[in-house]
Amino acid sequence: MNSLCPTCNKKRDSMNSTNWTRHKESCQKKKAVKRTVSTVSSIFDYFKRTQCEGKFQKFKLSQIVVNETKQNDIIPDLDIPGTSGISDKQCLLPAEPCQPSKSQLSGSKFPTKQQGDRLRSFHEKYYFKEISPGNFVKRNWLSYSPTTDCIFCIVCKLFGLPNGKQDQFSKLGTNDWRHISFKIKAHESAPEHLQSEIRRVIFTSQLRVDVQLLSVSNSQIAENREIVKIIFEALLYLARQNNAFRGHDEHWSSSNQGNFLELVKLLGKYNSLLSAHLSKIQSVQKNRLTFLSNVSQNNMLSVMGEMVREEILKRVKQAGVFSIIIDTTTDVSNLEQFSLVLRFINEEGQTEERLIAMKVAHDPPGLGMFNVFSDICIKYNIDWETNLCAQSYDGAASMQGQYSGVRSYVQEKNPNAIYVWCFAHVLNLVVVDTCDKCLSVRNFFGEVQSLISYMRARKRTAIFLEQQTKCYPSERPCRIKNFSTTRWTSHDRALSVISKKYLAFLKTLEELINSTDRETSSTASNLYRIMTSFKFILNLFLLENIFSHTTPLSIYLQSSSIDFIQAITMVDVCAKKLSDLRSQQSFNN
């Protein structure tokens, strides 16, 4: 009664006959499963030792755990560390079948065993199938296991249906060398094996529906990326050249759709992918994906703007310390636009001034301006309370006020941020106030403004250009420059044109005096009398001499590469030259 199990050596003890029989059958099935696993593992180990060694170096086969509760799944999918998401089919298919020759085996021969009346063994000829006399093809499904001395069908194991995986060739293998030819021919012509081969071909050729859908999706994504790349190049070109994007009529039937669309159409002539995209848009009435709408343009410009701002802020952080320049201006919609510029020294030791942000200031007083400045710094992570060393604004009370200006709010949290009144603004105020103090000069600029306004009409401008070619044939014609109320360097340019082309002005006015229009003739006569007066000519030469000293200084004070010591030196030199102009010696010279 106390017999041992032949498989696991367990004692029977008090088990009845039925349970004892079931126990021995269960142990036999477990032994068969372990034998099968070790057999297939030996094939994979052989792959690593022989010609497939290079393809399986990066994979380390872990121990195969068999689920005992599933009788149908004798060998489950392999769990190969580091290859999550990769099936055993994808791991094993790139390798060749395990078909070693005699020379690759121990003892340079296949193992022999007694079968029937003589010793028999496997032979290399079974690796090939004779399709006609003298013509052989390789059996890529057949694999030989040197460890168990059995042959297996890897194709049925990997791609077989449940019935195919239960076949002897895929489940346990066979070493019946006495009837091996018959068994091989019977297996490779069996419907289950043929179905496995078909499934293998479909898998390797990637004709699966999911693969096809993924391939189409990836192809469309690649095309869209290439199209968007070209559109980005067009946007970058127009933005760099400061050209307008939109046109008055952007319909495809329009002869001029604006700079952006016309540039895209031009690029489409030299890019087949973009050309096909444009043709598709024109042929389809409603297309959800064009990348050419105003919303897409604004989004792409915002992306490029953020990239530029990110690079600027990166340089600012590398510089360590920086100063700020803040100014406001009213736009065409009567909104106060707040602009913030950072000034810093880059890694090459060069001075840079970069615009960081522009925002609408709804609260113009000093506290409102300071809140806008603080919001911008918080949004872009600018540590102004620690790294800000200077601040520069114009002379407005909301900016430089001692108690309620932006300057005072900044210095309250960062006392090291010294305030510098914009030198160019100061110089402009000095020139304006000085000129307005003299009645003769004030009237002179009024007369020049009247002359410029009168001569800017199209017909009078054409006459003026014609007279220049007659009076100064070897010189380049000049156009009349208008005055600017905030930049007095424009006054110097206007006076320079009048001085250089004085004779052409007089000839133009003489021709306009003879006009049949009363207003034109009368105004031309008055301006002619003014321009030929001694007072006008004297003021013209006097102010042109003064501006020859102040204009270079004003231009330098507005340059981004200004040097503080050099600016102070130029201011002192300019003041000395203007003072010398008042001396009798300078007048005599």
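Modeller: Before we start, a word on classes: Ala, Val, Leu, Ile, Met, Phe, Trp, Tyr, Cys and Pro count as nonpolar, Asp, Glu, Lys and Arg as charged, and the others, Gly among them, as polar. Keep in mind too that this is a predicted model.

Colleague: Thanks! With those classes, what makes up the lining of the largest pocket?

Modeller: That lining has 27 nonpolar, 14 polar and six charged residues. The pocket holds about 1,500 Å³ of space. Among its 47 lining residues, Ile325, Ser392, Cys422, Ala424 and Leu557 are the closest to the centre. By the class lists, Ile, Cys, Ala and Leu are nonpolar. The largest share of the lining, seven residues, comes from α16.

Colleague: And what is the lining of the second largest pocket like, by class?

Modeller: There you find 24 nonpolar, six polar and one charged residues. The volume is about 1,000 Å³. Closest to the centre are Leu542, Ile546, Leu578, Leu581 and Arg582; Arg belongs to the charged class. Helix α22 gives the most to this lining, with twelve residues.

Colleague: Good. Now, why is serine 521 called buried?

Modeller: Buried means under 20% relative accessible area. Serine 521 has 18%, so the residue counts as buried. Its place is in helix α21, residues 518-531.

Colleague: Which residues does serine 521 touch, leaving out those up to four places away in sequence?

Modeller: Leu512, Ile513 and Ser515. A polar atom of the serine 521 side chain also lies 2.6 Å from the backbone oxygen of isoleucine 513, and the cut-off for a polar contact is 3.5 Å.

Colleague: One more: what makes a set of residues a nonpolar core, and which residues have the most contacts inside the largest one?

Modeller: The members are buried residues of the listed nonpolar kinds, joined through side-chain atoms within 4.5 Å. The largest core has 39 residues, and those with the most contacts inside it are Phe444, Phe445, Val448, Met455, Leu495, Phe505 and Met531. Its largest share, eight residues, comes from α17. As for leucine 495, its contacts beyond four places in sequence are Phe444, Phe445, Val448, Leu540, Leu543 and Phe547. Apart from this core lies another, of 29 residues, among them Leu313, Leu342, Ile356 and Tyr419.

Notes
Residues numbered from 1 in each chain as written. Predicted model: local features only at pLDDT ≥ 70, side-chain atom pairs only at ≥ 80, totals over all residues. Heavy atoms only, no water. Helix = DSSP H or I, 4+ residues; strand = E, 2+ residues; numbered from the N terminus. Buried < 20%, exposed > 50% of the residue type's maximum accessible area, 1.4 Å probe, protein only. Polar contact = N/O pair within 3.5 Å; in protein donor to acceptor, adjacent residues only side chain to side chain. Contact = heavy atoms within 4.5 Å. 1 Å grid on protein atoms, 1.4 Å probe; cavity = no way out; pocket = protein on both sides within 12 Å on 5 of 7 lines; lining within 4 Å. Points joined across faces, edges and corners; volume = space filled by probe spheres on them.
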